[in-house]
Amino acid sequence: MSSFRSYAMSASTLLLAITVVNTSYAEQSANGLTLEEVVVTAQKKSESLQDAPISLLAFDSEKLEKLGISDVGDIQSAVPNLSTAPHPTNRNSLTAFIRGVGNADLQITKDPAVGVYLDGVYLGRSAGLTADIADVQAIEVLRGPQGTLYGRNTTGGAIAIRSAQPDEEFSLKQKLSKGNRGYWRTLTQANLPVSDTLMLRAAFSRSAEDGRVENAGAGKDFGEQQKQAMRIAARWLANDDLALDYAYDQSEINGGQLAYQLTRITNANGAGFTPFARETRQSTLSVNNLESSSDDVSGHSLTATWFVNDELTIKSITAYRELDEFAYQDYSASAHHFSGGTFPSLVASGAEILDTRTDKVQDQISQEIQFLGTLADGKIDYVGGLYYFKEEGSEDQLASLNLLALGGFPQIAEEYYEIDASAESLAAFSQLEYTPEILEQRLHLTLGMRYTSDKRDATKYDNLYNNLNGATVSGDQTSSKFTPSLTVAYDISDDINAYAKIATAYRAGGFNIRGTEARFADGFEPEELLAYEIGSKAELLNRRVRLNLAAFWYEYTDLQVDQSDPVNIIATDTFNAGEAKMSGAEMDLTALLSRDLQLNISYGYLDASYESFIQYGQEVSNTKNVPSAPQHSYNISLDYARPLSVGELNAAIHYSWEDEYYFSTQGIARKDDVGLLGATLGVSNIAIGDSELSVQLWGRNLENKTYAAHEIDWAASGFVTTIFGEPRSYGIDLTLSF
């Protein structure tokens, strides 16, 4: 068993090493201090970050703690050209855009453009992504289309979450956190080697916090929540050539929705309505009964790794996941505490404007088989495989809209819909990297290929306007696509390389559940993206400085765009009505300023615009804006670590900036430019008998900036409502490790 146990330890070491971007550790080499090598698995094989021809950032658990990142939604503060926002009807779901590519509305009949993966398993729905991750080891963010190697529909990019795996060392860690606004969290992690061949690992976390905005009415406060997450993993080394890894994860979120506040009116629309500037964040709002929303997400996975020989490894990833979600969003509070102007008495009295109740269930199975190895005496490295994915789910929503409050219509409109949907995807993929003998083996040619076949079915019952216009309709969508990629890389020196690549990706078609009956049945077709990218990766000054650069150009066709129905203000339809171009650049710099001090700077530039946008037969591209596409974004951090007589002093300060951008194509709902400052200060590795204690103070948004986390513009009403981002938060972490 010794050879395989050595591999198991190497695999654990690899997972630990997927971090080192933005960490403050250094190696001692013959030439003095150097940055640690960063090993990543973005291309489903272990390789140095500097050898991977991808614009990529990776973070380990230590860095995630310093940045205050506990879920996928927080990661945008550390990754330029990545933008996330809460979904309008459910704070627990996230809309994600990378380099301007994403989708603002999350539906069970639509696929996200940014793929999220947990331990190699594609997450078909974005519900529950704000949940705690109980045992995260590392997060990798791949910017740009990943149409060759990754699951499905990754036109924007991929976010890969890796959990800690069982190993041969016993360990036990207990972490307690306490902060302002009633925040607390407990996290327990344990690793138990049962024998030389069987290892177990378990993690459990619970947390809670008070609401950001007090609800003066009945029910929950706005933003109040409780979270719970757990993960159980087992590794069995069956023999020298076979390892089996099983994991079960489960997370829950319960609490009141975030508060949409009426911040401005953009145009006159009825008696007494006049324009106003954006108002400041309110601390108290009122609704009659703010119900609790909840998400419950869980999954099983089994990974089998078979080392056939030195030149071939076969890996199988089998997974089953399910979610159960109830989301309640009350927009009535939007009208309260708005100074100035004259509103209809119905609004002023606190009457209901709009609320939604949404139930969603989904389950999915997936199977992936990977073949990894070398050919031609090591001249060819290859990854290939087969992928299967199937999901089934349902979604229903009751929306009550007070039309009298929004412009004098003499009725209350209630829309109820029920959706039953299924999707199936089958793919074959391969990627071959060839290093010829010529040019001193400095040239690397990589060919990627993927063929994907997708099928989606959906049925909708829509009870609109109190049964005045109801119907049951069905539709189906089938599509297939071959998405190749070609990369040419050249090692200019041992420490500097450059690459150029052309890549294709596509996103399957689907249905808009908020659409009219006829257009729902028609559905929409796939969209396609052609991407060009050049980049360089360099380690300078005897590996004390790491500088990675990338520039890209996208041609985006058959773009799936959402449009408000000109007759039915409740409905939105999706059409393949757009063409867009995106171009930009990224820079990631890591510099070891001294043995104790490390500087990290990441910057992103993005220029995104529509070339065509057909809205109900009219070309309107000159009036539309690509959503979630800030022109400039960057983050800067300094990490300091110095040994003390009682442990190690650790300090970090980080600042992130993002230019203004729009939340929708209308060019009204927007996020103003904002810079957020955070810091940590602590002492780690304090010896207490056979254990170690760490103490850390932390603070986020230390300047208490007021900024929009999400906005909605309500079409002809002229109303703009805003969810404000988290205000200043601070607290302390105590961690005891055995």
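Which strands each supply at least two residues of the nonpolar patch? Strand 28 (443-464) and strand 30 (485-491) do. Strands here are DSSP runs of E with at least two residues, helices are runs of H or I with at least four, and both are numbered from the N terminus.

1. **Basis.** This is a predicted model, in which local features need pLDDT of at least 70, side-chain atom pairs count only at pLDDT 80 or more, and totals for chains, interfaces and linings use all residues. Residues are numbered from 1 along each chain as its sequence is written, and side-chain values use heavy atoms, with hydrogens and water left out.

2. **The nonpolar patch.** Tyr 434, Leu 445, Leu 447, Leu 486, Val 488, Ile 502, Tyr 532 and Trp 553 make a nonpolar surface patch of about 640 Å². Patch residues have over 30% relative accessible area and no salt bridge; nonpolar side chains (Val, Leu, Ile, Met, Phe, Trp, Tyr) are joined within 5 Å, like charges within 9 Å. Areas come from the Shrake-Rupley method with a 1.4 Å probe, and for residues only the protein chains shown count as cover. Tyr 532 belongs to strand 32 (residues 527-540). Its relative accessibility is 34%, so Tyr 532 counts as partly exposed. The classes are buried under 20% relative accessible area, exposed over 50%, and partly exposed in between (1.4 Å probe, protein chains only).

3. **The largest core.** The largest nonpolar core has 24 residues. A core is a set of buried Ala, Val, Leu, Ile, Met, Phe, Trp, Tyr and Cys residues joined through side-chain atoms within 4.5 Å. Those with the most contacts inside this core are Phe 59, Leu 64, Ile 75, Val 79, Ile 139, Val 141 and Ile 161. At least two residues of this core come from each of strand 5 (55-60), strand 7 (90-98), strand 9 (114-118), strand 11 (136-143) and strand 12 (157-163). Another core, of 20 residues, lies apart from it; Val 40, Ala 58, Leu 372 and Phe 429 are among its members.

4. **Val 79.** Beyond its neighbours within four places in sequence, Val 79 is in contact (heavy atoms within 4.5 Å) with Leu 57, Phe 59, Val 141, Arg 143 and Asn 635.

5. Five strands form an open sheet in the order 5-11-12-9-10, with mixed pairing. Strand 5 and strand 10 (121-122) are the edges, each pairing on one side only. Two strands pair if DSSP finds at least two bridges between them. Strand 9 and strand 12 run parallel, joined by five bridges. Val 114 stands opposite Gly 157 in strand 12.

6. **Antiparallel strands.** Strand 14 (residues 184-193) pairs with strand 15 (residues 198-209) in the antiparallel sense over 10 bridges. The hairpin between them runs through four residues. Leu 192 has Leu 200 in strand 15 as its bridge partner. Strand 15 also pairs with strand 18 (residues 225-239), again antiparallel, over 12 bridges. There Phe 204 stands opposite Met 230.

7. **Salt bridges.** The count comes to 38, each being a side-chain nitrogen of Lys or Arg within 4 Å of a carboxyl oxygen of Asp or Glu. Lys 175 and Glu 65 meet at 3.3 Å, N to O. Lys 175 is in strand 13 (residues 171-179) and Glu 65 in helix 2 (residues 61-66), 110 residues apart. Lys 175 is buried at 7% relative accessibility, whereas Glu 65 is partly exposed at 37%.

8. Arg 181 and Glu 726 form a salt bridge at 2.9 Å, N to O. The two sit 545 residues apart: Arg 181 in the loop between strand 13 and strand 14, Glu 726 in the loop between strand 44 (719-724) and strand 45 (729-737). Glu 291 and Arg 357 meet at 2.7 Å, N to O. Glu 291 lies in the loop between strand 22 (289-290) and strand 23 (293-309), Arg 357 in strand 25 (residues 354-375), so the pair ties together parts that are 66 residues apart in sequence. A network of salt bridges links Arg 99, Arg 143, Glu 533, Glu 586 and Asp 588.

9. **Positive phi.** Tyr 616 is a residue other than glycine with a positive phi, near 50 degrees. Tyr 616 lies in the loop between strand 35 (597-615) and strand 36 (618-619). Asn 704 likewise has a positive phi, near 55 degrees, and is in the loop between strand 42 (691-700) and strand 43 (708-713).
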